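Let's take a walk through a protein together. Have a look at the sequence and the 3D view below, and then we'll go through them step by step.

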Amino acid sequence: MGHLIAIAYPDVRTAMSVRDRLAQMQKENLITLEDAAVVEREQDAGVDDDFMRELATKLEPGTAALFLPAVQSTPDKVIPQIAEYGGHIIQTSLSHEEEEQLRSTAQAVTRTRTS
């Protein structure tokens, strides 16, 4: 079963860079994505469903989010490569334990690279 992961970034360019890097990792068989979508929060965008309303409250105008429906991945190789872009994990369909492991690993990689 696949998982949906949503990560917020400070701008569209960063989200697109991560999407492109993940496409390269897919060619290296490190992750299998069903798709990847970059969504930009605009000033007056209307939002209808609950998830999008929640997302809209977390994204400031001009920021972006990357949605990743992933089927398979090699987390120990994928997470360090996308952690260098920063970002904030908004929501996943992972179990609570898996999501906490993802968050802590991403934070540890980010701390190591900024030290």
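Is Arg19 buried, partly exposed or exposed? Keep in mind as you look that this is a predicted model. Arg19 turns out to be partly exposed, since its relative accessible area is 26%, and that falls between the 20% and 50% cut-offs.

Arg19 also has a charged partner. It makes a salt bridge with Asp20, and the closest N and O atoms of the pair are 3.1 Å apart. Asp20 is partly exposed too, with a relative accessible area of 45%. How many salt bridges does the structure hold? There are two. Glu28 is partly exposed at 37% relative accessible area, and Arg21 is partly exposed at 21%.

Now slide along to Asn29. You'll find it in the loop between α1 (12-27) and β2 (31-33). What stands out here is the backbone: phi of Asn29 is near 60°, a positive value in a residue that isn't glycine. Most residues other than glycine have a negative phi. Asn29 is exposed as well, because its relative accessible area of 62% is over the 50% cut-off.

For another loop, go to the stretch between α2 (50-58) and β4 (64-73), where Thr63 sits. Why does Thr63 count as buried? Its relative accessibility is 14%, and buried means under 20%. The side chain of Thr63 reaches the backbone oxygen of Glu60 at 2.5 Å. Leaving aside residues up to four places away in sequence, Thr63 touches Tyr9, Pro10, Asp11, Val39, Glu40 and Arg41.

Finally, let's head for the nonpolar part. The largest nonpolar core has 21 residues, and the ones touching the most other members are Ile7, Leu22, Met25, Ile31 and Leu68. Which elements give two or more residues to this core? They are β1 (3-9), α1, β2, β4, α3 (75-83) and α4 (96-114).

Methods
Residues numbered from 1 in each chain as written. Predicted model: local features only at pLDDT ≥ 70, side-chain atom pairs only at ≥ 80, totals over all residues. Heavy atoms only, no water. Helix = DSSP H or I, 4+ residues; strand = E, 2+ residues; numbered from the N terminus. Buried < 20%, exposed > 50% of the residue type's maximum accessible area, 1.4 Å probe, protein only. Salt bridge = Lys/Arg side-chain N within 4 Å of Asp/Glu carboxyl O. Polar contact = N/O pair within 3.5 Å; in protein donor to acceptor, adjacent residues only side chain to side chain. Contact = heavy atoms within 4.5 Å. Core = buried A, V, L, I, M, F, W, Y, C linked by side-chain atoms within 4.5 Å.
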